[in-house]
Amino acid sequence: MRIAVLDDYQGIAETVDWSAIPRPIDLLALREHIAPGDELLALLAGREVVVAMRERTPIDAELLGRLPSLKLLVTTGPFNAAIDTAAARRLGITVCGTGGIITSTVELTWALIHALQRHLIVEDRAVRAGRWQQTVGADLAGATLGLVGLGRIGRRVAAVGHAFGMRVTAWSPNLTAERAAEARAELLDRHSLFATADVVSVHLVLSEATRGVVGRAELAAMKSSAILVNTARGGLIDEAALIEALRAKRIKGAALDVYGEEPLPPGHPLTGLPNTVLTPHLGYVTEKCMERFYRDIVDDIAAYCVGAPRRIVAG
(Lines give C-alpha, C1' and ligand atoms only; values in the text may rest on other atoms or scores of the structure.)
Protein backbone atom coordinates (compact mmCIF):
# COMPACT_ATOMS: atom_id res chain seq x y z
CA MET A 1 0.00 0.00 0.00
CA ARG A 2 1.51 3.30 -1.11
CA ILE A 3 0.80 6.12 1.36
CA ALA A 4 1.69 9.82 1.09
CA VAL A 5 1.58 12.21 4.05
CA LEU A 6 1.36 15.87 3.08
CA ASP A 7 2.91 18.81 4.93
CA ASP A 8 4.72 16.73 7.55
CA TYR A 9 6.76 19.76 8.60
CA GLN A 10 8.16 18.28 11.80
CA GLY A 11 8.94 14.84 10.34
CA ILE A 12 6.51 13.05 12.65
CA ALA A 13 5.23 10.50 10.13
CA GLU A 14 8.56 8.68 9.99
CA THR A 15 8.45 8.11 13.77
CA VAL A 16 4.92 6.62 13.82
CA ASP A 17 4.20 2.92 14.35
CA TRP A 18 2.28 1.90 11.21
CA SER A 19 2.36 -1.84 12.03
CA ALA A 20 -1.41 -2.04 12.71
CA ILE A 21 -2.02 -1.69 8.97
CA PRO A 22 -2.51 -5.25 7.67
CA ARG A 23 -0.70 -4.63 4.39
CA PRO A 24 2.93 -3.74 3.67
CA ILE A 25 3.28 0.00 3.19
CA ASP A 26 5.45 2.30 1.13
CA LEU A 27 5.47 5.63 3.00
CA LEU A 28 6.23 9.01 1.41
CA ALA A 29 6.30 11.81 3.99
CA LEU A 30 6.62 15.29 2.47
CA ARG A 31 8.43 17.60 4.88
CA GLU A 32 7.94 20.72 2.76
CA HIS A 33 4.70 22.31 1.60
CA ILE A 34 4.05 21.69 -2.08
CA ALA A 35 1.24 23.67 -3.66
CA PRO A 36 -1.20 21.88 -5.98
CA GLY A 37 0.35 21.56 -9.41
CA ASP A 38 2.49 19.29 -11.53
CA GLU A 39 5.10 18.66 -8.83
CA LEU A 40 2.51 17.52 -6.30
CA LEU A 41 0.74 15.42 -8.91
CA ALA A 42 3.98 13.65 -9.77
CA LEU A 43 4.67 12.87 -6.12
CA LEU A 44 1.16 11.55 -5.47
CA ALA A 45 0.85 9.53 -8.67
CA GLY A 46 0.18 5.89 -7.88
CA ARG A 47 -0.57 6.55 -4.21
CA GLU A 48 -3.61 4.71 -2.89
CA VAL A 49 -3.76 6.70 0.35
CA VAL A 50 -3.08 10.40 0.94
CA VAL A 51 -3.01 11.91 4.43
CA ALA A 52 -3.74 15.65 4.63
CA MET A 53 -2.48 17.61 7.61
CA ARG A 54 -5.43 19.84 8.45
CA GLU A 55 -6.03 22.44 5.74
CA ARG A 56 -2.43 23.04 4.73
CA THR A 57 -2.96 21.80 1.15
CA PRO A 58 -6.13 22.53 -0.87
CA ILE A 59 -7.45 19.31 -2.40
CA ASP A 60 -10.03 20.25 -4.99
CA ALA A 61 -11.96 18.37 -7.67
CA GLU A 62 -9.31 19.00 -10.31
CA LEU A 63 -6.51 17.53 -8.19
CA LEU A 64 -8.64 14.55 -7.14
CA GLY A 65 -9.64 13.89 -10.73
CA ARG A 66 -5.98 13.59 -11.74
CA LEU A 67 -5.19 10.96 -9.09
CA PRO A 68 -6.83 7.76 -10.42
CA SER A 69 -4.97 5.53 -7.94
CA LEU A 70 -6.26 7.44 -4.91
CA LYS A 71 -8.86 5.45 -2.95
CA LEU A 72 -8.55 6.77 0.61
CA LEU A 73 -8.04 10.36 1.74
CA VAL A 74 -7.48 10.86 5.47
CA THR A 75 -7.61 14.31 7.01
CA THR A 76 -6.50 15.16 10.51
CA GLY A 77 -9.48 16.46 12.44
CA PRO A 78 -13.15 15.58 11.92
CA PHE A 79 -13.60 17.86 8.87
CA ASN A 80 -11.48 19.79 6.39
CA ALA A 81 -12.76 22.81 4.47
CA ALA A 82 -9.84 22.53 2.02
CA ILE A 83 -11.04 19.15 0.69
CA ASP A 84 -13.80 18.89 -1.90
CA THR A 85 -15.49 15.94 -0.21
CA ALA A 86 -18.39 15.94 -2.68
CA ALA A 87 -15.97 15.51 -5.58
CA ALA A 88 -14.17 12.76 -3.70
CA ARG A 89 -17.44 10.90 -3.22
CA ARG A 90 -18.28 11.20 -6.92
CA LEU A 91 -14.88 9.76 -7.78
CA GLY A 92 -15.26 6.85 -5.36
CA ILE A 93 -12.63 8.15 -2.93
CA THR A 94 -13.34 7.51 0.75
CA VAL A 95 -12.59 10.48 3.02
CA CYS A 96 -11.97 9.77 6.70
CA GLY A 97 -11.09 12.06 9.60
CA THR A 98 -9.58 11.80 13.05
CA GLY A 99 -10.25 13.03 16.53
CA GLY A 100 -8.47 16.08 17.85
CA ILE A 101 -7.72 18.21 20.88
CA ILE A 102 -9.05 21.76 21.23
CA THR A 103 -7.23 22.73 24.41
CA SER A 104 -4.01 23.30 22.47
CA THR A 105 -5.64 26.12 20.50
CA VAL A 106 -7.04 27.66 23.67
CA GLU A 107 -3.57 27.65 25.21
CA LEU A 108 -1.97 29.23 22.15
CA THR A 109 -4.66 31.93 22.10
CA TRP A 110 -3.61 33.04 25.54
CA ALA A 111 0.09 32.75 24.71
CA LEU A 112 -0.47 35.17 21.82
CA ILE A 113 -2.49 37.55 23.99
CA HIS A 114 0.27 37.66 26.59
CA ALA A 115 2.99 37.99 23.97
CA LEU A 116 1.33 41.07 22.51
CA GLN A 117 0.03 42.72 25.67
CA ARG A 118 3.30 42.28 27.57
CA HIS A 119 5.59 42.89 24.57
CA LEU A 120 7.35 39.56 25.12
CA ILE A 121 8.97 39.38 21.68
CA VAL A 122 10.29 42.94 21.91
CA GLU A 123 11.62 42.44 25.42
CA ASP A 124 13.23 39.09 24.61
CA ARG A 125 15.14 40.70 21.74
CA ALA A 126 16.08 43.66 23.93
CA VAL A 127 17.53 41.48 26.69
CA ARG A 128 19.58 39.52 24.15
CA ALA A 129 20.91 42.85 22.83
CA GLY A 130 21.89 44.04 26.31
CA ARG A 131 18.94 46.39 26.90
CA TRP A 132 16.66 46.32 29.95
CA GLN A 133 12.92 47.16 30.26
CA GLN A 134 11.88 48.84 27.04
CA THR A 135 8.09 48.70 27.30
CA VAL A 136 5.06 49.02 29.59
CA GLY A 137 2.56 46.16 29.36
CA ALA A 138 -1.22 46.22 29.42
CA ASP A 139 -3.20 44.62 32.25
CA LEU A 140 -5.78 41.92 31.62
CA ALA A 141 -7.49 42.20 35.01
CA GLY A 142 -10.39 44.60 34.58
CA ALA A 143 -10.09 44.65 30.78
CA THR A 144 -12.79 43.45 28.36
CA LEU A 145 -12.35 40.29 26.31
CA GLY A 146 -14.56 40.25 23.21
CA LEU A 147 -15.06 36.80 21.71
CA VAL A 148 -16.15 36.48 18.09
CA GLY A 149 -17.51 32.96 18.39
CA LEU A 150 -18.44 31.14 21.57
CA GLY A 151 -18.28 27.48 20.59
CA ARG A 152 -16.12 24.76 22.12
CA ILE A 153 -12.92 26.81 21.90
CA GLY A 154 -14.48 30.19 22.61
CA ARG A 155 -16.09 28.95 25.82
CA ARG A 156 -12.74 27.72 27.12
CA VAL A 157 -11.07 31.00 26.20
CA ALA A 158 -13.87 32.76 28.10
CA ALA A 159 -13.20 30.68 31.20
CA VAL A 160 -9.55 31.72 31.23
CA GLY A 161 -10.57 35.33 30.75
CA HIS A 162 -12.75 35.10 33.85
CA ALA A 163 -9.80 33.64 35.76
CA PHE A 164 -7.81 36.76 34.90
CA GLY A 165 -10.64 38.97 36.14
CA MET A 166 -11.79 40.14 32.71
CA ARG A 167 -15.22 41.16 31.57
CA VAL A 168 -16.19 38.74 28.80
CA THR A 169 -18.47 39.69 25.91
CA ALA A 170 -19.39 37.64 22.86
CA TRP A 171 -21.00 37.78 19.44
CA SER A 172 -21.53 35.35 16.60
CA PRO A 173 -24.17 35.16 13.86
CA ASN A 174 -26.33 32.64 15.72
CA LEU A 175 -25.38 33.20 19.35
CA THR A 176 -28.26 33.54 21.80
CA ALA A 177 -28.29 35.31 25.15
CA GLU A 178 -28.93 31.96 26.87
CA ARG A 179 -25.89 30.29 25.32
CA ALA A 180 -23.75 33.32 26.12
CA ALA A 181 -24.93 33.26 29.73
CA GLU A 182 -23.89 29.61 30.04
CA ALA A 183 -20.31 30.77 29.41
CA ARG A 184 -20.78 33.79 31.72
CA ALA A 185 -20.44 36.07 28.71
CA GLU A 186 -22.49 39.12 27.82
CA LEU A 187 -24.08 38.94 24.38
CA LEU A 188 -23.47 42.12 22.35
CA ASP A 189 -24.17 43.11 18.79
CA ARG A 190 -21.17 42.93 16.49
CA HIS A 191 -20.39 46.67 16.46
CA SER A 192 -20.63 47.00 20.23
CA LEU A 193 -18.33 44.05 20.81
CA PHE A 194 -15.59 45.55 18.64
CA ALA A 195 -16.11 49.04 20.05
CA THR A 196 -15.82 48.04 23.71
CA ALA A 197 -13.27 45.19 23.78
CA ASP A 198 -9.65 45.59 24.81
CA VAL A 199 -8.87 42.16 23.38
CA VAL A 200 -10.85 40.74 20.45
CA SER A 201 -10.29 37.01 19.87
CA VAL A 202 -11.77 35.21 16.87
CA HIS A 203 -13.14 31.64 17.21
CA LEU A 204 -15.56 31.03 14.34
CA VAL A 205 -15.68 28.26 11.76
CA LEU A 206 -14.83 29.60 8.30
CA SER A 207 -17.71 29.42 5.84
CA GLU A 208 -19.12 31.60 3.09
CA ALA A 209 -21.28 33.25 5.74
CA THR A 210 -18.34 34.10 8.01
CA ARG A 211 -15.60 34.87 5.48
CA GLY A 212 -14.37 38.42 6.07
CA VAL A 213 -16.56 38.80 9.15
CA VAL A 214 -13.88 41.04 10.63
CA GLY A 215 -13.67 43.80 8.04
CA ARG A 216 -12.97 47.51 7.79
CA ALA A 217 -16.07 48.50 9.75
CA GLU A 218 -15.20 46.21 12.65
CA LEU A 219 -11.56 47.31 12.71
CA ALA A 220 -12.61 50.96 12.55
CA ALA A 221 -14.87 50.42 15.57
CA MET A 222 -12.03 49.08 17.74
CA LYS A 223 -10.23 51.18 20.33
CA SER A 224 -6.77 52.40 19.34
CA SER A 225 -5.50 50.59 22.44
CA ALA A 226 -7.14 47.26 21.53
CA ILE A 227 -5.60 44.14 20.03
CA LEU A 228 -6.98 41.50 17.64
CA VAL A 229 -6.15 37.80 18.00
CA ASN A 230 -6.92 35.08 15.45
CA THR A 231 -6.25 31.38 16.01
CA ALA A 232 -9.24 30.21 13.94
CA ARG A 233 -8.91 30.74 10.17
CA GLY A 234 -7.25 33.50 8.18
CA GLY A 235 -10.24 34.01 5.89
CA LEU A 236 -12.35 35.29 8.78
CA ILE A 237 -10.44 38.59 8.67
CA ASP A 238 -10.12 41.00 5.76
CA GLU A 239 -6.33 40.83 5.69
CA ALA A 240 -5.85 43.93 3.55
CA ALA A 241 -8.03 45.96 5.91
CA LEU A 242 -6.12 44.63 8.91
CA ILE A 243 -2.77 45.58 7.37
CA GLU A 244 -4.09 49.09 6.74
CA ALA A 245 -5.29 49.41 10.33
CA LEU A 246 -1.98 48.17 11.73
CA ARG A 247 0.10 50.46 9.52
CA ALA A 248 -2.00 53.46 10.54
CA LYS A 249 -1.93 52.30 14.18
CA ARG A 250 -5.70 52.49 14.34
CA ILE A 251 -5.44 49.46 16.63
CA LYS A 252 -2.54 48.63 18.93
CA GLY A 253 -1.66 45.29 17.39
CA ALA A 254 -2.60 41.87 16.09
CA ALA A 255 -1.50 38.40 17.13
CA LEU A 256 -2.09 35.90 14.34
CA ASP A 257 -1.64 32.14 13.96
CA VAL A 258 -3.59 31.82 10.70
CA TYR A 259 -3.52 33.61 7.36
CA GLY A 260 -5.29 33.89 4.05
CA GLU A 261 -2.37 32.11 2.39
CA GLU A 262 -0.34 29.49 4.22
CA PRO A 263 2.58 29.15 4.51
CA LEU A 264 2.84 32.93 4.73
CA PRO A 265 4.93 34.00 1.72
CA PRO A 266 8.34 35.62 2.37
CA GLY A 267 8.08 39.38 2.38
CA HIS A 268 4.35 39.36 3.15
CA PRO A 269 3.27 42.81 4.45
CA LEU A 270 2.37 41.39 7.87
CA THR A 271 5.96 40.31 8.46
CA GLY A 272 7.21 43.89 8.24
CA LEU A 273 4.83 45.33 10.81
CA PRO A 274 6.26 45.90 14.30
CA ASN A 275 2.86 45.72 16.05
CA THR A 276 2.25 42.05 15.27
CA VAL A 277 3.04 38.67 16.79
CA LEU A 278 3.00 35.98 14.10
CA THR A 279 3.08 32.20 14.52
CA PRO A 280 2.89 29.52 11.77
CA HIS A 281 -0.52 27.91 12.46
CA LEU A 282 0.61 26.23 15.67
CA GLY A 283 -2.81 26.02 17.34
CA TYR A 284 -3.03 22.23 17.08
CA VAL A 285 0.69 21.42 16.93
CA THR A 286 1.30 19.79 20.32
CA GLU A 287 2.49 16.36 21.36
CA LYS A 288 -0.91 15.13 22.56
CA CYS A 289 -2.76 16.40 19.50
CA MET A 290 -0.28 14.84 17.08
CA GLU A 291 -0.43 11.54 18.98
CA ARG A 292 -4.22 11.57 18.62
CA PHE A 293 -4.03 12.46 14.93
CA TYR A 294 -1.62 9.68 13.99
CA ARG A 295 -3.29 7.07 16.18
CA ASP A 296 -6.52 7.67 14.29
CA ILE A 297 -4.78 7.94 10.91
CA VAL A 298 -3.32 4.45 11.33
CA ASP A 299 -6.67 3.16 12.59
CA ASP A 300 -8.50 4.72 9.61
CA ILE A 301 -6.15 3.08 7.11
CA ALA A 302 -6.30 -0.28 8.89
CA ALA A 303 -10.11 -0.17 8.91
CA TYR A 304 -10.18 0.73 5.21
CA CYS A 305 -7.95 -2.27 4.45
CA VAL A 306 -10.56 -4.66 5.88
CA GLY A 307 -13.46 -2.94 4.14
CA ALA A 308 -14.88 -1.17 7.18
CA PRO A 309 -13.79 2.50 6.98
CA ARG A 310 -14.24 4.60 10.11
CA ARG A 311 -14.77 8.30 10.83
CA ILE A 312 -16.09 8.96 7.33
CA VAL A 313 -16.29 12.66 6.53
CA ALA A 314 -19.60 13.57 4.91
CA GLY A 315 -19.49 15.41 1.62
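Entry 1: I looked up "domain: D-isomer specific 2-hydroxyacid dehydrogenase catalytic"; UniProt, in an unreviewed entry, lists residues 37–309 for it. UniProt positions follow the numbering used here, feature names are shortened, and annotations may be inferred rather than shown by experiment. I worked on a predicted model, where local features need pLDDT of at least 70, side-chain atom pairs count only at pLDDT 80 or more, and totals for chains, interfaces and linings use all residues. Residues are numbered from 1 along each chain as its sequence is written, and side-chain values use heavy atoms, with hydrogens and water left out.

Over residues 37–309 I read 37% helix and 14% strand. The end C-alpha atoms of that stretch are 29 Å apart. Helices (H or I, at least four residues) and strands (E, at least two) are DSSP runs, numbered from the N terminus.

Entry 2: I then checked "domain: D-isomer specific 2-hydroxyacid dehydrogenase NAD-binding", which the unreviewed UniProt entry places at residues 111–283. This stretch is 32% helix and 16% strand. Its end C-alpha atoms lie 10 Å apart.

**Entry 3: the domains.** I found domain 1 at 2–101 + 286–314 and domain 2 at 102–278. These bounds come from an automatic or database domain assignment. The two centres, taken over C-alpha atoms, are separated by 32 Å. Eight residues of domain 1 are in contact (heavy atoms within 4.5 Å) with six residues of domain 2.

Strand β1 (residues 2–5) runs parallel to β3, joined by three bridges. Two strands pair if DSSP finds at least two bridges between them. Ala-4 has Val-50 as its bridge partner in β3. Four bridges join β3 to β4 (residues 72–75), also in parallel. There, Val-51 stands opposite Val-74.

**Entry 4: the seven-stranded sheet.** I traced an open sheet in the order β8-β7-β6-β9-β10-β11-β12, with parallel pairing. β8 (186–187) and β12 (276–278) are the edge strands, each pairing on one side only. Four bridges link β6 to β9 (residues 199–202). Gly-146 stands opposite Val-200 in β9.

**Entry 5: helix α6.** I noted 12 residues in α6 (residues 152–163). From first C-alpha to last, α6 reaches 17 Å, close to the 16 Å expected at 1.5 Å a residue. The expected span is 1.5 Å times one less than the number of residues.

Which residues of α6 are buried? Gly-154, Val-157, Ala-158, Gly-161 and His-162 are. They cover an arc of only 145° around the axis, so they sit on the same side of α6. The arc is that of the directions from the helix axis to the C-beta atoms. An α-helix has 3.6 residues a turn, so residues three or four places apart point the same way.

On the other side of α6, Arg-152 and Ala-163 are exposed (over 50%). The buried residues pack against α4 (103–117), β6 (144–148) and β7 (167–171). Gly-165 follows α6, with a positive phi near 80°.

**Entry 6: Arg-310.** I located Arg-310 in the segment after α11 (287–305). Why is Arg-310 called partly exposed? Because its relative accessibility is 45%, and partly exposed lies between the buried and exposed cut-offs. Leaving aside neighbours within four places in sequence, Arg-310 is in contact with Cys-96, Asp-299, Asp-300 and Ala-303.

Key: Buried < 20%, exposed > 50% of the residue type's maximum accessible area, 1.4 Å probe, protein only.
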